[in-house]
Amino acid sequence: MCETGVWVPYLGAVYDLNDNFSVYASYTTIFQPQDLQDESGRVLDPLRGDNSEVGLKGEFMEGRLTSSLAYFQLRQDNFGKETRGRTPSGGIAYGAVPGVRTHGVEFELAGQLTSQWQIHAGYAYKLSRQDGDNVSILSPEHQFKRYTTYDFEGGWKGLTLGGGARWQSKTWGEVSRPGYAGQVQHLHLGCAAQYDAGSEVSVLSGRRKTVQKAWAR
């Protein structure tokens with residue numbers, strides 16, 4: 001089914017509490033076409049619903065450091081839930097689930113602590129349920145990330161070192177055969193070094209590692 005001219009309203013408001021903090025609220029409806037398929041190969045109908053959010057934003061150190069804290073709620077129909085079956089082409093099959101309720105919290109802190117030191121850190125929690133059952137088994141409930149870079153001065157001018165980590169809690173998904181679920185946690189680690197030798201020469205080196213814990217049932 002193809003729909004055109006769908007109206008998706010959005011309402012929002014922001015209020016400045018003082019020079020550093022402001023609060024906001026927003027509401028919008030949801031209409032999102034999907035490319036997920038069911039076991040017969042039929043594409044699921046568009047995701048429909050609404051999303052409301054309230055939050056607090058902060059700005060410090062003359063705008064060099066910013067923060068945000070948000071709480072959100074979604075109501076969704078035609079939510080794609082894994083059926084543990086397969087599509088005709090061999091992909092993971094999904095079914096359209098009505099009445100899914102999602103709520104979550106997001107926090108972010110980003111900016112420059114000094115003229116040389118930059119950071120970006122964040123945490124997110126999200127849970128989707130229908131009649132008390134978790135329906136978002138492929139999305140982690142908890143995610144945490146932290147990245148930082150440092151630009152050297154003096155005799156080391158031109159050298160930038162960076163590193164970070166991203167962790168997500170367990171998810172459930174198919175491991176080796178239909179109906180056989182596995183639980184996986186991920187920790188991604190990364191580091192990088194860059195040296196700028198001039199306007200035309202720059203050398204970049206990096207390394208990534210993923211630590212994963214998995215078990216099956």
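## Loops, aromatic pairs and backbone angles

Threonine 87 counts as buried because its relative accessibility is 9%, where buried means under 20% relative accessible area, exposed over 50% and partly exposed in between, with a 1.4 Å probe and protein chains only. This is a predicted model, in which local features need pLDDT of at least 70 and side-chain atom pairs count only at pLDDT 80 or more, while totals for chains, interfaces and linings use all residues. Residues are numbered from 1 along each chain as its sequence is written, and side-chain values use heavy atoms, with hydrogens and water left out.

Threonine 87 belongs to the loop that runs between strand 5 (79-86) and strand 6 (92-97); strands (E, at least two residues), like helices (H or I, at least four), are DSSP runs numbered from the N terminus. Leaving aside residues up to four places away in sequence, threonine 87 touches Gln37, Asp38, Glu39, Ile92 and Ala93, a contact being heavy atoms within 4.5 Å.

Asparagine 78 is placed in the loop between strand 4 (65-77) and strand 5. Although asparagine 78 and alanine 96 are 18 residues apart in sequence, their C-alpha atoms are 4.3 Å apart in space. With residues up to four places away in sequence again not counted, asparagine 78 touches Gln34, Asp45, Pro46, Leu47, Ala96, Val97 and Pro98.

The aromatic side chains come next. Rings of Phe, Tyr and Trp (its six-membered ring) pair if their centres lie within 6.5 Å, and planes under 30 degrees apart count as stacked, over 60 as edge-to-face and the rest as tilted. By this rule the count comes to 2 aromatic pairs. Phenylalanine 21 and phenylalanine 60 form an edge-to-face pair, with 5.5 Å from centre to centre and 75 degrees between the planes. Because phenylalanine 21 lies in strand 2 (residues 21-32) and phenylalanine 60 in strand 3 (residues 47-60), this pair ties together parts that are 39 residues apart in sequence. Phenylalanine 21 is partly exposed, with a relative accessible area of 29%, and phenylalanine 60, at 24% relative accessibility, also counts as partly exposed. Tyrosine 150 and phenylalanine 152 form an edge-to-face pair as well, at 5.1 Å centre to centre and with 80 degrees between the planes. Tyrosine 150 counts as partly exposed at 32% relative accessibility, as does phenylalanine 152 at 27%.

A charge also meets a ring in this model: the charged end of lysine 57 sits over the ring of tyrosine 24, 5.3 Å from its centre, which by definition requires NZ of Lys or CZ of Arg within 6 Å of the ring centre and within 35 degrees of the ring normal.

What of the backbone angles? Most residues other than glycine have a negative phi. Glutamate 62, although not a glycine, has a positive phi of about 60 degrees; glutamate 62 lies in the loop between strand 3 and strand 4 and is exposed, with a relative accessible area of 80%. Arginine 84, likewise not a glycine, has a positive phi of about 70 degrees, but the place of arginine 84 is in strand 5, where arginine 84 is partly exposed, with a relative accessible area of 34%.
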